[in-house]
Amino acid sequence: MRASQKKIFKQLFLQRLPSNTQVVLASTRENTSIEELAELADKIAEVLHKYPTVSTVTPAAPSTNPFRAQTSSSEISDLRALMTQQAAQIKILTTQIQALKLSPQRRSTSRSRRDGRRSRGPSVTRNSHVLVPPNIRNTGTKMYGTVLIFLTQFGKRHSQELNATEVPGSHPHSRLFFVCDRVTGTRFLVDTGAEVSIIPVSNTSGKRKETSVCLQAVNHSPIPTYGEQSLSLNVGLRRTFQWVFVVAKLPTPILGADFLHHFGLLVDIKNRRLVDSTTKLTVRGIAARMATVSPTVLLTTTTRHSSILKEYPDVARPVFHNQPIKHDVTHHIKTSGPPVAARSRRLFELAAWSSHLFKIDLVRAYNQIPVEPADISKTAVTTPFGMFEFLRMPFGLRNAAQTFQRFIDMVTRGLPFVYAYIDDILVASNSDEEHNQHLHLLFERLRQFGVVINPTKCLFGVASLHFLEHIVDKDGIRPLPEKVKAIVDFPPPTSVRKLKEYLGLANFYRRFVPHLAEIAQPLTDLLRQRTCKNADIALTEDQLASFAALKKALSNATMLIYPKPDAPRCLLVNASDSGVGGVLQQLVDGIWQPLSFFSKRLKPAETKYSTFSRELLAAYLAVKHFRHMLEGTSFAIYTDH
């Protein structure tokens, strides 16, 4: 029979004995066999059968005892020997109990039962009744205090102490602890419940601006953030830990789960130690008597599409450190031969009649593309702190925008409802059901390539939005009113630099204005006469009239309609002595609707062309300009010559 089975059988045997017998046998050794317990139980039963139990000890007259004549001397000797043996064992148990009382364990605060029911086992207390055989009680034998007195009071059996779950840091003996940076002396709270590592904004230098990323405490209160800061820590584990901390409005620096997981640090809460799983070294912490906030990233989106974002936490949560690359796209830097650059392509037109729009903004778009390992050394930068190299593609590199555009085109390939321009993605749908389906397909594709979005800058299921400085809705595309107002309120330029700024603003919306090149000709002529950027200019009456006419044309800009693939199209062109122009239109319900305008000023040699040649040049330049919308389709060209 196995030891565990013997133990169970022994417990079942004891539970079936009378309560008085259980009290006596409770002091026996644990290795006492069942046979020995049975013999002891038989002897106790014989004694109890002859001598009933009493609850008190009272002195009695030695002359009158009805039981004395019936009790033999041998029985009394056996009982005394048994009690002596039990007293020795109980003395050992008493010593162990006194040692346990001196140990720093907390006592359970559970309440005793009040329903009057008896528990399964007896308990020992000071005020319990005494169990003494009658022959000893009446013999006048002196009772010494060293003799153990068994108890007959029943109550709840003492069990293992249990501690209730508490709020972290609320108990005076908190399980949290600090580790100290050996260089700066800063104490960092080790908090495994914190999703990110925190550095207080008060510990940073300079004025910081609040960011859109928001954290929340364990009580769901928001915590504002102020960017990030890279720190190098030396906590006494014989290596340096360099990490990017989130700057937040908290009083205490925190080492969160992201830091501990990345460097393989184990937290020994019982001994308040930090264990390095790599070197097997440990550092003892300082007990923290404070409450913790356990900050986590808060998704501030509260629209009806929040449930979709929660299904893709890898896509929606902000990233505060480098993530593993899930694609094979790298940025190459070619230094042999002449510089090579790629011109930005045109953004394809939106699908017509899209009533549900969704705008997505990516987080650190360029930094999600690694630099080709062979070209990393070409990005070296020398600073007062040493020489550094870029492992991820930074902003400012030539063709960096083109590299990322090719990458995002690869990510969204096969999704005709998605329109991407660098780090801005637009999703166009016709209904809520279709919109939810499109979002699931896009988020699954983003998660597959490891692309992270910024939910705080995204727009969900709106009918109109601002995209690339334009107003986009189901009816068409219009200039942004704020930008048009800036052009209208622009003062008359007094220098060549100011004139170039004004013409740059106007040319941004030239696709909405017909004959813009002809209207702005007096102003562009002024640039040919001035070569110095800071030269002062004085506008003539013709130039002031052109300046006012251009403002009026932009303020009355035509809304451009989305192209329909099955609608007939035509290209209307015209030429003058100084410029050419055209408009691309489509026929919908018997009405010609403008899709885009085109205008260009003629070169000095082109102004000498004949009228017919200028009209032909206008048709050629217009077709070349609208090639992305005309190629592969049937269209007509209209001219007045």
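Predicted model: local features only at pLDDT ≥ 70, side-chain atom pairs only at ≥ 80, totals over all residues.
Contact here means that heavy atoms lie within 4.5 Å of each other.

The protein comprises 641 residues, of which 39% count as buried. Its secondary structure consists of 17 helices and 25 strands. Among the contacts with a sequence separation of 6 or more, 68% are between residues 24 or more positions apart.

The loop between strand S13 (356–361) and strand S14 (381–383) contains Gln368. Buried means under 20% relative accessible area, and Gln368 has a value of 11%, so this residue is classed as buried. Leaving aside residues up to four places away in sequence, Gln368 touches Ile325, His327, Val363, Arg392, Gly450, Val451 and Val452. Val371 is found in the loop between S13 and S14 as well. With a relative accessibility of 3%, Val371 also falls under the 20% cut-off and therefore counts as buried. Again not counting residues up to four places away, the contacts of Val371 are Thr330, His331, Ile376, Phe390, Leu391, Arg392 and Met393. One of these partners, His331, is 40 residues from Val371 in sequence, yet the two C-alpha atoms are 4.8 Å apart in space.

The description now turns to the strands. Strand S16 (residues 418–421) pairs with strand S17 (residues 424–429) in the antiparallel sense, over four bridges. Within this pairing, Tyr419 stands opposite Leu426 in S17. The two strands form a hairpin with two residues between them, and Ile422 in the turn has a positive phi of about 55 degrees. S17 is mostly covered, as six of its six residues are buried. Asp424, Leu426 and Ala428 point one way from the strand, while Ile425, Val427 and Ser429 point the other way. The residues on both sides of S17 are buried, including the charged Asp424.

Another group of strands forms an open sheet of three, in the order S8-S9-S10, with antiparallel pairing. Its edge strands are S8 (265–268) and S10 (282–284), each of which pairs on one side only. From one strand to the next, the twist averages 20 degrees. Strand S9 (residues 273–276) is joined to S10 by three bridges in the antiparallel sense. In this pairing, Val275 has Thr282 of S10 as its bridge partner.

Among the helices, H12 (residues 496–508) packs with H14 (residues 521–529) at an angle of about 140 degrees, the axes being 11 Å apart. Angles over 145 degrees count as roughly antiparallel, so at about 140 degrees H12 is oblique to H14. The contact involves Val496, Leu499, Lys500, Tyr502 and Leu503 of H12, together with Leu523, Thr524, Leu526 and Leu527 of H14. By class, the contact of H12 with H14 has seven nonpolar residues, one polar and one charged. The crossing of these two helices is left-handed.

H12 also meets helix H15 (residues 541–555), and here the axes come within 11 Å and cross at roughly 30 degrees. Angles under 35 degrees count as roughly parallel, which means that H12 is assigned as roughly parallel to H15. This contact has six nonpolar residues, no polar residue and one charged residue. The residues concerned are Tyr502, Leu503 and Ala506 in H12, and Phe547, Leu550, Lys551 and Leu554 in H15. H12 passes H15 in a left-handed crossing. Tyr502 and Leu503 of H12 take part in the contact with H14 and in the contact with H15.

Finally, helix H13 (residues 516–519) holds Ala517. Its relative accessibility is 14%, under the 20% cut-off, and Ala517 therefore counts as buried. Beyond residues up to four places away in sequence, Ala517 touches Arg510, Ser599, Lys600 and Arg601. Val580 lies 63 residues from Ala517 along the chain, and their C-alpha atoms are separated by 8.2 Å.

Methods:
Residues numbered from 1 in each chain as written. Heavy atoms only, no water. Pairing = 2+ DSSP bridges. Axes fitted to C-alpha atoms, helices over the stretch in contact; angles between N-to-C directions. Buried < 20%, exposed > 50% of the residue type's maximum accessible area, 1.4 Å probe, protein only. Parallel < 35°, antiparallel > 145°, perpendicular 65-115°, else oblique. Left-handed = near helix turned anticlockwise from the far one by under 90°.
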